[in-house]
Amino acid sequence: MDDLSILWLILAAALATYATRVGGYVLITRMRTLPPRLEQALNAVPAAVLTTLWAPAFFTNGWDVRLALIAAALVSLRYPGLIMLAAGWAAAMLARHLFGL
Amino acid sequence: MNKDIVAGLKGGAVIALSASPFAVLFGAVAVDNGLTVFDAALMSATIYAGASQLVGIELFGQQVAPWLIVLSIFAVNFRHILYSAAIARHIRGYSLLQKAIAFFFLTDPQFAEAIRRAEQGRPLTFTWYMAFALVFYFSWLFFSTLGAWFGSMLGDPKAWAIDVLLPIYFLGLVLAFRRKPGFYPVVAASMVGSVAGYYFVGSPWHVSIGAICGVLVAALLPLPAQPVAAEVSEEAAS
């Protein structure tokens, strides 16, 4: 592909991405009242989408990644985000370099 | 300095830090696939959606029709439609221009942190939103350009356990919602859907498949005894 068509391709992709970021808002504000089930579905969006961003990593990797995620989950029950991140990272480093997982 | 600015900058810095290895990775892979440093930076600056950027450069290298590449990127980013629908009621106070700007920056962590903030009863001001967004945006742009420049000099990210940072970060965000009604069935459905999607369809489609499973289960769960609408107006009043 030549340089100019790559440029246009990137800009078209940017526009398509922006459309997804505005689209839900445009659709939802067309409705006057939200049916309760739709409301309930929208409330579940964060947990439903964000789960897909870690679950495959947990189930398709080895015990190094699993231990890191388990350690992070336990720590997150009491401590804030950065400490959880550090705990999970430390667990992965230990698992890989000390236990060779 | 304004409290919202400080909170936004802090939150944005945490996610900027955990995402930076992935930005570097994107830049490195982009140049590896024949893109210039400028193209890689332009993708980060205008598309600003990590997973779809990686899908894009994967397809640039092959003989794929341009419209198909754009469609693939659209499909990978489809989950943002759910985000902008879910965030709509929390940003009613924004002007039309503020909304148009805010939606450009609506990434996964931006959405999750914004919703969490709104549900904790703290105001989701435009100031907080943009402080968070701009830290993340410019660090994403900076690190992907850095990766494009120095990509070939990178060692193995696995040796430094950099690959586990984002999954940990997202797991933490999910757990922050654990007291919401229907949390466990939704997470279970999304887990099954995304893992099955990962095996049988492949990445990155597992994201949309898992998300749809979770949201469908939420829609089918029994409604609470109190009408949900009442709960929403309470939230708005607080």
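**Chains A and B: how the terms apply**

The domain assignment of chain A gives domain 1 (1-30) and domain 2 (38-101), with bounds that come from an automatic or database domain assignment. This is a predicted model, in which local features need pLDDT of at least 70 and side-chain atom pairs count only at pLDDT 80 or more, while totals for chains, interfaces and linings use all residues. Residues are numbered from 1 along each chain as its sequence is written, and chains are lettered from A and ligands numbered from 1 in the order in which they are written.

User: What makes residues of chain A and chain B count as in contact, and how many are there?

Analyst: Two residues are in contact if their C-beta atoms, placed from the backbone, lie within 7 Å. On this basis, 59 residues of chain A are in contact with 70 residues of chain B. α1(A) gives the most to the side of chain A that touches chain B, with 20 residues.

User: Why are α1(A) and α2(B) called roughly parallel to each other?

Analyst: Angles under 35 degrees count as roughly parallel, over 145 as roughly antiparallel, 65 to 115 as roughly perpendicular and the rest as oblique. α1(A) and helix α2 (residues 37-46) of chain B pack at an angle of about 15 degrees, with their axes 9 Å apart; α1(A) and α2(B) are therefore roughly parallel.

User: Which residues make the contact of α1(A) with α2(B)?

Analyst: A:I6, A:I10, A:L11 and A:A14 of α1(A) meet B:D39, B:L42, B:M43 and B:T46 of α2(B).

Key
Helix = DSSP H or I, 4+ residues; strand = E, 2+ residues; numbered from the N terminus. Axes fitted to C-alpha atoms, helices over the stretch in contact; angles between N-to-C directions.
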